[in-house]
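Thank you all for coming, and please have the sequence and the model open beside each other while I talk.

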Amino acid sequence: MKTLIIITAGIFLFGMNSCFYDKADLIYPQTTACDTATVTYSGTVAKILGSNCNGCHGGAAAAGAGIKLDTYATASTYVTNGRLLNSMLHNGQASPMPKGGTKLDACTINKVSSWIKKGATNN
Ligand code: HEC
């Protein structure tokens, strides 16, 4: 009798274990994978800078120490000298940006990085 209870309990526990829901990422694959392949200046980078940086670095904003990132031409200077990406990466090679804020998420930084690697064209 005792053995039967142990076997039944064993089967029950084994059964419960197989119901454990640990495959959610396989059943529902992440649909929001980071797309770094189709990045452009106008469609991607300008928007990223617009929503995260140009509050200080755009237009007549005075909080960005005179550094303007709201046009392709002005942003290019900081792309070429490496400071745009380094400031986003918080790698100690440039002042960490956004100033006083948290580092941008990896996907956003990867998009900018990908655009730069592809030649940082005005596309
Ligand atoms: C709250 C205002 C503010 C925001 C938002 C901001 N910056 Fe800045 N940024 C500054 C100021 C002030 C300086 C000059 C002082 C310094 O370097 O820390 C600066 C400097 C820089 C520099 C020159 C850094 C260096 O070491 O020479 C770069 C490049 C830059 N910012 C890029 C960015 C980018 C890219 C973003 C958005 C991801 C951003 N900033 C967001 C205020 C800001």
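What we have is a predicted model, in which local features need pLDDT of at least 70 and side-chain atom pairs count only at pLDDT 80 or more, while totals for chains, interfaces and linings use all residues. Residues are numbered from 1 along each chain as its sequence is written, and side-chain values use heavy atoms, with hydrogens and water left out.

Let us look at the ligand. Which residues come nearest to the ligand? Of the 20 residues around it, these are Cys53, Cys56, His57, Met97 and Lys99, where being around the ligand means having a heavy atom within 4 Å of it. By class, this shell holds 13 nonpolar, 5 polar and 2 charged residues; here Ala, Val, Leu, Ile, Met, Phe, Trp, Tyr, Cys and Pro count as nonpolar, Asp, Glu, Lys and Arg as charged, and the others, Gly among them, as polar.

There are also polar contacts, meaning pairs of N or O atoms within 3.5 Å. An oxygen atom of the ligand is 2.7 Å from an N or O atom in the side chain of Arg83, and for the side chain of Ser95 the corresponding distance is 2.5 Å. For the side chain of Lys99, an N or O atom is likewise 2.5 Å from a ligand oxygen. Two elements give two or more residues to the shell, helix H4 (54-57) and helix H6 (83-89), helices being DSSP runs of H or I with at least four residues, numbered from the N terminus. The largest share, 4 residues, comes from H6.

Now for Leu69, which has its place in the loop between H4 and helix H5 (72-80). Is Leu69 buried or exposed? Leu69 counts as buried because its relative accessibility is 8%, and buried means under 20% relative accessible area, exposed over 50%, and partly exposed in between, with a 1.4 Å probe and protein chains only. Leaving out residues up to four places away in sequence, Leu69 touches several others, including Leu49, Cys53, His57 and Leu84, where contact means heavy atoms within 4.5 Å.

Finally, the backbone: most residues other than glycine have a negative phi, and most peptide bonds are trans. The peptide bond from Met97 to Pro98, however, is cis, with omega near -5°. Ala65, in the loop between H4 and H5, has a positive phi near 55°, and Ala65 is exposed, with a relative accessible area of 71%.

Conventions. A polar contact is a pair of N or O atoms within 3.5 Å; within protein, one must be able to donate a hydrogen and the other to accept it, and residues adjacent in sequence count only if both atoms are side-chain atoms.
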